[in-house]
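User: Could you take a close look at the pockets in this model for me? I'd like to hear what lines them and which parts of the fold they sit against.

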Amino acid sequence: HRWWRAWRTVVALIVILWDPAILAQGAAPGYEIRVVTGDSGPVTQQILESLRRRYPALQAGSDPAQLASRGGRGLYLAIGPSALQALLRSKFVGVVVSLFSSSAAYMELMSRTGPEQRRSVTAIYAEAAPAHQMQLISSLLGREAVVAALLTENTSYLEPLLKDAARHAGL
């Protein structure tokens with residue numbers, strides 16, 4: 001229950017603090033905002049409601065093919081890893097921004113994607129940046145400490161980032 005409340009707080013903060021210029025219709029002339037959802041759970045619905053308040057013209061659905069059939073150029077927002085996976089399997093024309101997916105999930109999905117399609121996909125990761133995580137640890141402990149992280153083949157790319165962030169945070 002505590003995890004769910006923390007997740008909703010993170011979602012609310014991202015949506016509240018998100019600069020509307022990032023997705024402003026006027027900033028990308030000729031593009032339509034199309035939100036692909038991986039599920040219809042309460043968090044996804046909350047994200048959609050917040051986005052609709054800021055961008056009433058956006059189109060949303062769980063079927064990327066249906067959204068792509070609208071024609072024209074689309075700026076696709078993939079809410080979660082299952083939405084990104086569905087988008088990558090479909091035939092779409094436009095740019096994709098993956099939201100609310102971990103960096104590990106994003107990297108895994110992108111490793112199975114061809115280079116041509118990869119060029120039009122980017123992400124805003126769900127987890128905090130390593131530098132922010134190390135600053136938080138340093139602030140909480142208030143002293144020098146040894147920090148460890150478990151890495152796998154899929155997350156090994158984070159090792160230099162984590163070491164650098166720990167060094168800069170004095171850990």
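Analyst: The largest pocket holds about 210 Å³, bearing in mind that this is a predicted model. Its lining is made up of 14 residues, and those that lie nearest the centre are Ser103, Glu127, Ala128, Pro130 and Leu158. Three helices each put at least two residues into that lining: α5 (103-111), α7 (130-141) and α8 (159-168). Sorted by class, the lining of this largest pocket comes out as nine nonpolar, four polar and one charged residues.

Next, the second largest pocket, with a volume of about 170 Å³. Here α8 turns up again, giving four residues, the largest share of the lining. Among the residues lining the second largest pocket are Met134, Val146, Leu151, Glu159, Leu162, Lys163 and Leu171. The class count for this lining is 10 nonpolar, two charged and no polar residues.

The crossing of α4 past α5 is right-handed. On the α4 side, the contact uses Pro81, Leu84, Gln85 and Leu88, while α5 brings Ala105, Tyr106, Leu109 and Met110. By class, that contact has seven nonpolar residues, one polar and no charged ones.

Methods. Residues are numbered from 1 along each chain as its sequence is written. This is a predicted model: local features need pLDDT of at least 70, side-chain atom pairs count only at pLDDT 80 or more; totals for chains, interfaces and linings use all residues. Side-chain values use heavy atoms; hydrogens and water are left out. On a 1 Å grid over the protein atoms alone, a cavity is a set of points where a 1.4 Å probe fits but cannot get out, and a pocket is an open set with protein on both sides within 12 Å along at least five of seven lines; lining residues have an atom within 4 Å of a point. Grid points are joined across faces, edges and corners, and a volume is the space filled by probe spheres set on the points. Ala, Val, Leu, Ile, Met, Phe, Trp, Tyr, Cys and Pro count as nonpolar, Asp, Glu, Lys and Arg as charged, and the others, Gly among them, as polar. A crossing is left-handed if the near helix is turned anticlockwise from the far one by less than a right angle, and right-handed if clockwise. Contact means heavy atoms within 4.5 Å.
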